[in-house]
Amino acid sequence: MAWLRVLARLSRPSSKFPFSPPPPSFSTAAASFPATQPPSPVAGYIAGLGPTVQARRSRAWWCWIWWAGCRLMKSIDTNIYDVVCVSTEESHGVHPTACFNLRRNPRVSFRCGAHWSDSACISHAPGSYFFLARCAALDPESHTVHCETVTDGTISLEPWKFQVSYDKLVIALGAEASTFGINGVKEHATFLREVHHAQEIRRKLLLNLMLSDVPGISEEEKRRLLHCVVIGGGPTGVEFSGELSDFIISDVHERYTHVKEYIHVTLIEANEILSSFDVRLRQYATKQLTKSGVRLVRGVVKDVQPENIILNDGTKVPYGLLVWSTGVGPSQFTRSLELPKSPGGRIGVDEWLRVPSIQDTFAIGDCSGFLESTQKTVLPALAQVAERQGKYLARLLNQIGKAGGGYANQAKNIDFGDQFVYKHLGSMATVGRYKALVDLRQSKEAKGLSLAGFVSWFIWRSAYLTRVVSWRNRFYVAINWLTTLVFGRDISRI
Ligand SMILES: Cc1cc2nc3c(=O)[nH]c(=O)nc-3n(C[C@H](O)[C@H](O)[C@H](O)COP(=O)(O)OP(=O)(O)OC[C@H]3O[C@@H](n4cnc5c(N)ncnc54)[C@H](O)[C@@H]3O)c2cc1C
């Protein structure tokens, strides 16, 4: 059974993060919290992890993490840095297909379509921690971050406030769904960003299916309950609509025969759908979506009421499920930071992804953008940008650490070497029914490969599988896809 043990070892995410035992001079006890917490200089905050001393490893700290943070973590040299991660989410990164692939077994559920980061792989190393908490404030002068634990509203605990000192700070906070200030969006729509959003969509949809089957429900109410409206025709909105109509055709039609004529999907977009793809691929996507029953509507949402959407031209659209996917913008926390910003309000960075106005601070992923002074364009909010930035920064931090600049305020005279350069690898989007678009060109005008159909779908799925964090999770995802193909989706409410 040696092969089984090797497989099990490979599947453990810890193999990805080669934390080594601490050097002899470093006592494990010193890395853990003191038994009596010293008072913090900031009222209400416990002084958690204090400043590092030069005899031990420097502390790289980042407020988290998914694409950008995870990629950084994978390549950071833990012989140089102790790693402290703080995030409001333990698992993250939902794909539109996640809502329909969730299964009853929660271990399997979240891995199917939803990426998964194992906090355990960080916190088992002495001196390295994962904190499920929200970063509430930064104090660059004293190199400290103030955090509050996340209690999810389900536990009647007051958030525990603590602070962490750092040598290097990496901000990778991501972005927030944009609502453009439209009334009622936050209250009535479901976003498509986190795993809990996928769960909420699934729950709502299945509840509406069951309610619509109950005797005495009027025709009009049935139609409303089973009208699924998606706002935003970018890749996420299109992928979600395609997957939803797939789910309806292959699973709902079979198991909810009484109401199958009532369920519909409408995708509302202000301009063209998939505007970042070329005309040929856009036309293909439009044809495929229409073929699978998605109604495409050109319109701008003006107001969202509990049961109706009002468009700019006054049209009233009744809905039972409303999914909002109109792009992302800087989060409230990013907006609150008094730092120079890039065009669009992200945290401004220079060519080496540093936040130039403060020492030892970097920003990567959706929360960051090049400062105007760099004369570089702000990169799109994409996983491939975040991932490449994470990889680049890990290399840069390792290089700084090896040159003796790993501690706070020690990197001033160090040569940072090559700047970060982004090369776009292309875009992909699935449109349902085993069809997808793949555009591997640098831009719409450039030459290169662009295709649509089953082969693209296969490329798309394979690419996703390679991005899943560990072999165990890849295995879970592949098995889930297979069982879905053979037995259909699990449509019971979790
Ligand atoms: C449904 C969907 C589909 C997508 N599909 C694609 C695709 O096909 N291809 C592609 O390239 N990109 C895609 N993207 C975009 C891609 O997911 C993002 O660009 C990428 O996740 C950005 O990585 P990040 O590390 O900057 O931020 P995120 O991955 O968003 O991670 C940020 C983390 O910070 C945490 N956080 C936020 N505030 C705080 C705080 N105050 N304290 C502590 N933690 C905090 C959040 O909980 C989150 O876990 C998709 C996005 C969505 C939502």
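A residue is taken as buried if 20 or more other C-beta atoms lie within 10 Å of its own, as exposed if 12 or fewer do, and as partly exposed in between, with the C-beta atoms placed from the backbone. The structure is a predicted model, in which local features need a pLDDT of at least 70 and side-chain atom pairs count only at pLDDT 80 or more, while totals for chains, interfaces and linings use all residues. Residues are numbered from 1 along each chain as its sequence is written.

Of the 494 residues in the chain, 42% are buried. The chain has 15 helices and 23 strands, where helices (H or I, at least four residues) and strands (E, at least two) are DSSP runs numbered from the N terminus. Among contacts between residues at least 6 apart in sequence, 65% join residues at least 24 apart, a contact being a pair of residues whose C-beta atoms, placed from the backbone, lie within 7 Å.

In soluble globular proteins, nonpolar side chains tend to be buried together. A nonpolar core is defined here as a set of buried Ala, Val, Leu, Ile, Met, Phe, Trp, Tyr and Cys residues joined through C-beta atoms within 7 Å. The largest such core holds 52 residues, of which Val229, Val230, Ala285, Leu322, Val323, Trp324 and Leu437 touch the most other members. Helix H10 (residues 235-255) gives the most to this core, contributing six residues. A second, separate core comprises 48 residues, including Ala68, Ile76, Phe130 and Phe420.

Strand E16 (residues 321-324) is covered on both faces, with Leu321 and Val323 buried on one side and Leu322 and Trp324 buried on the other. In a regular strand the side chains alternate between the two faces of the sheet. Two strands are said to pair if DSSP finds at least two bridges between them. Strand E10 (residues 227-231) pairs with E16 in the parallel sense over four bridges, and Val229 stands opposite Leu322 in E16. Strand E9 (residues 190-191) also runs parallel to E16, to which two bridges join it, and the bridge partner of Phe191 in E16 is Trp324. When residues up to four places away in sequence are left out, Leu322 touches His188, Ala189, Thr190, Val229, Val304 and Ile309.

An open sheet of three strands, paired in the antiparallel sense, has the order E13-E14-E15. Its edge strands are E13 (301-304) and E15 (316-318), each of which pairs on one side only. The twist averages 25° from one strand to the next, based on axes that are lines fitted to C-alpha atoms (for helices over the stretch in contact), with angles running from 0 to 180 degrees between N-to-C directions. Three bridges join E13 to the antiparallel strand E14 (residues 308-311), and Val301 has Leu311 as its bridge partner in E14.

Positive phi values were also examined. Phe180, a residue other than glycine, has a phi near 55° and is placed in the loop between strand E8 (176-177) and helix H7 (185-188); Phe180 is exposed, with 10 other C-beta atoms within 10 Å. Gln375, likewise not a glycine, has a positive phi of about 60° and is found in the loop between strand E20 (368-370) and helix H13 (383-402). With 8 C-beta neighbours inside 10 Å, Gln375 counts as exposed. Helix H13 itself has 20 residues and reaches 28 Å from its first C-alpha to its last, close to the 28 Å expected at 1.5 Å a residue, the expected span being 1.5 Å times one less than the number of residues. Just after H13, Gly404 takes a positive phi of about 90°.

Definitions and conventions: Two residues are in contact if their C-beta atoms, placed from the backbone, lie within 7 Å.
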